[in-house]
Amino acid sequence: MKIAIAGTAADTSNYVSAIHKLGFEPLVTLDPDAITGCGALLLPGGGDITPAFFGEENHGSRNIDTRLDILQMQALARALERRLPVLGICKGMQLINVSLKGTILQHLASPALERHSYDCGDKYHPTVIREGSWLHRLYGGETMVNSAHHQAVGRLGEGLCAIQTCPQDGCIEAVIHKTLPLLGVQWHPERIDREKSGTDGSKIFSCFFRNL
């Protein structure tokens, strides 16, 4: 089975490796029409989303690539049309939220910023997970995660609900859709250090894609 990764080869090597380890075929593409020949879609991490897409001016967003945003949102739209499972990671989760009419907090305030932003490597912090959720079955009620972001999900998009948060500042760390096969995580399971965190990120990929 092919798993589409909506990005470029230069920026998705960790995701490609994670898909290969499952025995699936990753297809890195920015052609939205190519999604229809795949069994699922992965929206990877990256820069910030163009603020105009959630109705705001730029108040701290950076590393913006509007063309990339458009192509990734088109890929998501194709996946939703076919009801393909979609996994969004970091920017990918935020893209899901914006595509469903949610908003982004464009720049976290301190001390949340220091807790989540990338500074010479990923940051690690605890999270709490909603009982009965998909993630709760994998990790229980609490787990450490890695962060590398200065933005966060603001108002949730239509049909989304938060299932994992940072107890120190309320930052949303994972969302699911109430009826569609959508899952988003703000952290990076494709590269999390298990020795530092005690969290096995491969569980996300294994459970999500092998249960298709």
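**Layout and local details**

Mentor: Start with the sheet. It is open and built from 9 strands, in the order β2-β1-β3-β4-β11-β10-β9-β6-β7, with mixed pairing. Keep in mind that this is a predicted model.

Trainee: Which strands stand at the edges?

Mentor: β2 (25-29) and β7 (142-147). Each has a single partner strand, so one side of each is left without a neighbour in the sheet.

Trainee: And how far are neighbouring strands turned against each other?

Mentor: By 25° on average, ignoring direction.

Trainee: Take β1 and β3. In which sense do they pair, parallel or antiparallel?

Mentor: Parallel, over 3 bridges. β1 covers residues 2-6 and β3 covers residues 40-43. In that pair, Ala4 stands opposite Leu41 of β3.

Trainee: Which strands does helix α2 lie across?

Mentor: β1, β3, β4 (86-89) and β11 (182-185). The helix spans residues 66-81 and runs at about 155° to β3. Helix α7, residues 202-210, also packs on the sheet. It touches β1, β3, β4 and β11, and its direction makes about 160° with that of β4.

Trainee: Switching to α1. Which of its residues are buried?

Mentor: Tyr15, Ala18 and Ile19, in a helix that runs over residues 13-21. Seen down the helix axis, these buried residues fall within an arc of 95°, so they line one face of α1.

Trainee: What is exposed on the other side of α1?

Mentor: Ser13 and Lys21.

Trainee: What covers the buried residues of α1?

Mentor: The cover includes β1, β2, β3, β4 and α7.

Trainee: And what follows α1?

Mentor: Gly23, with a positive phi near 90°.

Trainee: I care about pockets. How much space lies in the largest pocket?

Mentor: About 360 Å³. Its lining has 25 residues. Nearest the centre of this pocket are Asp11, Tyr15, Gly45, Gly46 and Gly47. Tyr15 is also one of the buried residues of α1. Helices α1 and α2 each supply at least two residues of the lining.

Trainee: On to α3. Why call it largely enclosed by the rest of the structure?

Mentor: Because 8 of its 9 residues are buried. The helix covers residues 91-99. The buried ones are Lys91, Gly92, Met93, Gln94, Leu95, Ile96, Asn97 and Val98.

Trainee: I was looking at Arg155. Where is it?

Mentor: In the loop between β8 (152-153) and β9 (160-165). Leaving out residues up to four places away in sequence, Arg155 touches Asn97, Lys101, Gly102 and Thr103. Arg155 and Asn97 are 58 residues apart in sequence, with their C-alpha atoms 8.4 Å apart.

Trainee: What about His149, buried or exposed?

Mentor: Buried, at a relative accessible area of 5%. His149 sits in the loop between β7 and β8.

Trainee: What is His149 in contact with?

Mentor: Setting aside neighbours within four places in sequence, His149 is in contact with Cys90, Leu108, His116, Ser117, Tyr118, Cys171 and Gln186.

Trainee: Cys90 is in that list. What is its phi?

Mentor: Near 55°, a positive value in a residue other than glycine. Cys90 lies in the loop between β4 and α3. With 6% relative accessibility, Cys90 counts as buried.

Trainee: And Asn63, what is its phi?

Mentor: Near 50°, again positive and again in a residue other than glycine. Asn63 is in the loop between β3 and α2. Its relative accessibility is 63%, so Asn63 counts as exposed.

Note on methods
Residues are numbered from 1 along each chain as its sequence is written. This is a predicted model: local features need pLDDT of at least 70, side-chain atom pairs count only at pLDDT 80 or more; totals for chains, interfaces and linings use all residues. Side-chain values use heavy atoms; hydrogens and water are left out. Two strands pair if DSSP finds at least two bridges between them. Helices (H or I, at least four residues) and strands (E, at least two) are DSSP runs, numbered from the N terminus. Axes are lines fitted to C-alpha atoms, for helices over the stretch in contact, and angles run from 0 to 180 degrees between N-to-C directions. Contact means heavy atoms within 4.5 Å. Buried means under 20% relative accessible area, exposed over 50%, partly exposed in between (1.4 Å probe, protein chains only). The arc is that of the directions from the helix axis to the C-beta atoms. On a 1 Å grid over the protein atoms alone, a cavity is a set of points where a 1.4 Å probe fits but cannot get out, and a pocket is an open set with protein on both sides within 12 Å along at least five of seven lines; lining residues have an atom within 4 Å of a point. Grid points are joined across faces, edges and corners, and a volume is the space filled by probe spheres set on the points.
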